[in-house]
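Please examine the sequence and the three-dimensional structure shown here. A short report accompanies them.

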Amino acid sequence: IKYVCLLEKDYVGFATLPNQVHRKSVKKGFDFTLMVAGESGLGKSTLVNSLFLTDLHKDRKLLNAEERISQTVEIMKHTVDIEEKGVKLKLTIVDTPGFGDAVNNTECWRAVTDYIDQQFEHYFRDESGLNRKNIQDNRVHCCLYFIPPFGHGLRPVDIEFMKALQDKVNVVPLIAKADCLTPSEIKKLKERLREEIDKYGIKIYQFPDCDSDEDEEFKRQDKELKESTPFAVIGSNTVVEARGQRVRGRLYPWGIVEGKKLSSHYHDDSNYPASEPALMLICFLRAVENPAHCDFVKLRTILIRTHMHDLKDITSDCHYENYRAQCIQTMTSKMNADKRVESPIPLLPLSTPDEETEKLIKRKDEEVSREKTPG
């Protein structure tokens, strides 16, 4: 009893600091900006709607082939407030319609890089201003880049786009429409993409190393996520009923596919028996939320459940700090050269002291002089 009393007496209370931070964070809410880039028709909008269970493109207008010939890359921003178990998230989706759709795609990523730099500049101005209490953070925290599943690796536009963005944002490459490929084809394409990413020196988002005190389950999950990149994904906004259960999946002309039963028997298309031709047809299909068929759940895990804060930290501590340091260096060199040029942030002119202020300064100087004079 004396021991318990001693503990209570010596208890200071700073162990509740995490609870205080948690309450303050939940009250304030969170924000996250996600950019999606890739050719039209790769399922970008569908995947985003599947990830966050919302519809961000209700009034979207689809262009025909003739309109796409002269189409330029646009930047479209959609913001939605999501709440889950009392936690509020302000989600901003930045779409890039027109990317890669034109006949000549030379520097088609310029509009994307300019937009990212503009958000850095806006944040830099607000951070350097007088009122810093309510700064809006619109910096892009992650870019999902969709790679078509029809090729044999990275195209020149894929390489140039990711290299142009690698020092500005966390790039997460995805294999779009993975239901077009068999499991063995997905495996081969992933290996090919990883080799080409290393070959061309493309810096994509790197998962942080696990701490030594993490449990084995978390380490296993982290290792599995690292080995799954680039993620092969499928998106679906349709909830269908299969075998008495409502699942998120796709409805094909030959029926509804719910792949959980198949995954326990046929992990690779080479194992499908020739005596069951229906299964050979099904092997090209994947259940959206079945980890055996695509990496949708793994992508959702890193974006929302495990690595969202890390993506924001890298954006703030690495990409933005590099931009900020470059701006300050540019401003310093221009000021040293004494050239009247426009700076990245508005420089406030020094105010001219009025007559009363000058008298006060003069009086203070005289008092200091008298104190220093001996006798």
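## Confidence of the model

The structure is a predicted model. Its mean pLDDT over the chain is 75, and 67% of the residues reach a score of at least 70.

## Overall make-up

The chain contains 13 helices and ten strands. It has 375 residues, of which 39% count as buried. Among contacts with a separation of 6 or more, 71% join residues 24 or more positions apart.

The accessible surface of the chain is about 23800 Å², and carbon and sulfur atoms contribute 51% of this area.

## Nonpolar core

The largest nonpolar core comprises 71 residues. Leu144, Phe161, Leu174, Leu299 and Leu303 have the most contacts inside this core.

Beyond its neighbours within four places in sequence, Leu174 contacts Leu47, Leu144, Tyr145, Phe146, Ile147, Phe231, Val233 and Leu299.

## Cysteines

How many disulfides does the chain have? The count is zero. For Cys143, the closest cysteine sulfur is that of Cys142, at 7.0 Å, which is too far for a bond, since a disulfide requires the sulfur atoms to lie within 2.5 Å.

Cys143 is buried, with a relative accessible area of 0%. Cys327 also counts as buried, at 8% relative accessibility.

Definitions and conventions. Residues numbered from 1 in each chain as written. Predicted model: local features only at pLDDT ≥ 70, side-chain atom pairs only at ≥ 80, totals over all residues. Heavy atoms only, no water. pLDDT = per-residue confidence, 0-100. Core = buried A, V, L, I, M, F, W, Y, C linked by side-chain atoms within 4.5 Å. Buried < 20%, exposed > 50% of the residue type's maximum accessible area, 1.4 Å probe, protein only. Contact = heavy atoms within 4.5 Å. Helix = DSSP H or I, 4+ residues; strand = E, 2+ residues; numbered from the N terminus. Areas by Shrake-Rupley, 256 points an atom, 1.4 Å probe, with all protein chains shown as cover.
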